[in-house]
There are 2 protein chains.
Amino acid sequence: MIAFDTILQAHDRIRPYIHRTPVLTNQTINERSGAELFFKCENFQKIGAFKARGGLNAVLQVAQNNEGTAITTHSSGNHAQAVAFAARQVGMPAYIVMPRTAPRVKKDAVLGYGANVIECEPTLEAREAGVLDVIAKTGAVLVHPFDDDRVIAGQATAAIELMEDAGKDRPFDVVMAPVGGGGLLSGTSLAVHYVSPTTRVIAGEPEGAADAILSFRSGQVEKAPYINTVADGLMTTLSERTLRIIRENVAAILTVSDEEIIAAMKLVWERMKIVIEPSSAVPLAAVLKHENLFAGQKVGIIVTGGNVDLGKLPF
Amino acid sequence: MIAFDTILQAHDRIRPYIHRTPVLTNQTINERSGAELFFKCENFQKIGAFKARGGLNAVLQVAQNNEGTAITTHSSGNHAQAVAFAARQVGMPAYIVMPRTAPRVKKDAVLGYGANVIECEPTLEAREAGVLDVIAKTGAVLVHPFDDDRVIAGQATAAIELMEDAGKDRPFDVVMAPVGGGGLLSGTSLAVHYVSPTTRVIAGEPEGAADAILSFRSGQVEKAPYINTVADGLMTTLSERTLRIIRENVAAILTVSDEEIIAAMKLVWERMKIVIEPSSAVPLAAVLKHENLFAGQKVGIIVTGGNVDLGKLPF
């Protein structure tokens, strides 16, 4: 179990490198949902996503403890950029294994942080083999996207800030995050458990990647019945580690359709005038879908990121 | 000449009804431009644009001074929403004359604030005739989009806040705004003149609506050689009133192409993760075009609004 102190130390460690992102509210969306919503805007975070937190917390410790001289990971998404960004902060080389089908813009972003991109076939097996190959050749240390206590402790700091900035006078009734591999959700649930134990943590998950809700019920790591969702950051499956934390500290997982995700995303763009990626809209979609669950409640939502391809918007 | 006190009184008058919008910075855009940029985010303002300020300042005075029992204006853009919003705050009926070709979404927004929409042919003559008809029938008071001292004083308050929030320790070298009818630019230039007389005010104007630069040179209200620009909020022509203030207090007007506007707009969406309308990107486009003019300078930019049709993005 990750201790409260471990999360606070992670926060102190990464604070010089991250933005204190704002917590925004919106009258129209409150009226439409019937709840009082507070959006923790990690789309404004370094690299455009909360993943900078976990990546930094892991990489900074690898450097400080002299655990290795290089970093590696596999990711086609925000974690790739997070690790590349973090490695640059400590002046270590990073080797990012990315599927050859990943968008050019994502590879360019990783290269832009000075990291090396190793292309592989677009399968989990090929990605893991690519990382093992990097480790064999360079001795690089793996920073897993979510199955890593240091990454989880880093992700937990977003909820810490949310509660500090908007939960002091009156605690949140609910804090929400989307769930993919469960790094953010498990970290968020731990932070809330320590800081505001009366607050419930509720996750949003796409119907088209609905593994977490099955695992949450059965207690085993389950696979999604099918993978097909606009929320491209949430396609991964929980690990034993994240599932254990989530089962202990999360009250519920609510699923939403792609149509509901896109409608919520569009509502945020139109009304809040902020750019968020589809994964970020999943919790709001769940609030709008289940009005009765959230009516009159004070709800904090972690807005996970804003990295979208403006040429391929879903609306 | 609008006095400093008039602007400060406008600010006190409208403060309870508006957002104190944030001033944002972005490291990547600073690096790319070579300047130190501060974005005053009026895209987060009520109705999604700075126009709420001028509309409120005029309408609140009409109500407080018992100048009439209804409000009217003609606009197909943000001013229509601003007047409708302001009239609702004081409980007065508003009659907004809009060209029948205006997008449904804009008419719906005005209707959403409880105002009446009167459709007319899409010409300036028809719009003005429509307003005269409303006045004859209802006795409504006209709140012109920019040719009105109360509107100008209201728009000036955005620059006041920008300088209060980011110009205290070290004054801005430059404050920038786009120019259409000149309400925002003239107000901004007056605010800067009073608060920070060493700061230069520079405007950005689309090449496809380049009347202000001609009028600025000749001293007469000129028409643009042609009207064709993505910056749909900037198609109007200066008035004698706004031209006079602008000639006295503005240092330069820089024109930019639609291609440059769209590139700047996309850069802001991608890097700052905020939704801004094309008109808002005009000053940044000018900074990126004229690197030598702004290198090393501290530059404040009024980001005018974020009302875009997400189904019709220019990129």
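This is a predicted model: local features need pLDDT of at least 70, side-chain atom pairs count only at pLDDT 80 or more; totals for chains, interfaces and linings use all residues.
User: How do the axes of helix α3 and helix α7 of chain B cross?

Analyst: Helix α3 (residues 51-64) and helix α7 (residues 149-166) have axes that come within 7 Å. They cross at roughly 135 degrees.

User: Why is α3(B) called oblique to α7(B)?

Analyst: Set the angle against the cut-offs. The crossing is at roughly 135 degrees. Roughly perpendicular covers 65 to 115, roughly antiparallel needs over 145, and roughly parallel needs under 35. The rest count as oblique, so α3(B) is oblique to α7(B). The crossing is also right-handed.

User: Which residues make the contact?

Analyst: From α3(B), they include B:Lys51, B:Arg53 and B:Gly54. From α7(B), they include B:Arg150, B:Val151 and B:Glu161. By class, the contact has 5 nonpolar, 6 polar and 4 charged residues.

User: What makes B:Lys107 buried?

Analyst: Its relative accessible area is 4%. Buried means under 20%, so B:Lys107 is buried. This residue lies in helix α5 (residues 104-112) of chain B.

User: How do you know that the side chain of B:Lys107 makes a polar contact with the side chain of B:Glu119?

Analyst: Their side chains are paired at 2.9 Å. The cut-off for N or O atoms is within 3.5 Å, with one able to donate a hydrogen and the other to accept it, so the pair counts as a polar contact. Beyond its neighbours within four places in sequence, B:Lys107 is also in contact with others, among them B:Met98 and B:Val117.

User: Why is helix α12 of chain A called largely enclosed?

Analyst: Of the 8 residues in α12 (residues 282-289), 6 are buried, so the rest of the structure largely encloses this helix. Among the buried ones are A:Val282, A:Pro283 and A:Leu284.

User: Are A:Lys273 and B:Asn66 buried or exposed?

Analyst: A:Lys273 has 7% relative accessibility, so it counts as buried. B:Asn66 has 68%. Exposed means over 50%, so B:Asn66 counts as exposed.

Methods
Residues are numbered from 1 along each chain as its sequence is written. Chains are lettered from A and ligands numbered from 1 in the order in which they are written. Side-chain values use heavy atoms; hydrogens and water are left out. Helices (H or I, at least four residues) and strands (E, at least two) are DSSP runs, numbered from the N terminus. Buried means under 20% relative accessible area, exposed over 50%, partly exposed in between (1.4 Å probe, protein chains only). Contact means heavy atoms within 4.5 Å. Axes are lines fitted to C-alpha atoms, for helices over the stretch in contact, and angles run from 0 to 180 degrees between N-to-C directions. A crossing is left-handed if the near helix is turned anticlockwise from the far one by less than a right angle, and right-handed if clockwise. Ala, Val, Leu, Ile, Met, Phe, Trp, Tyr, Cys and Pro count as nonpolar, Asp, Glu, Lys and Arg as charged, and the others, Gly among them, as polar.
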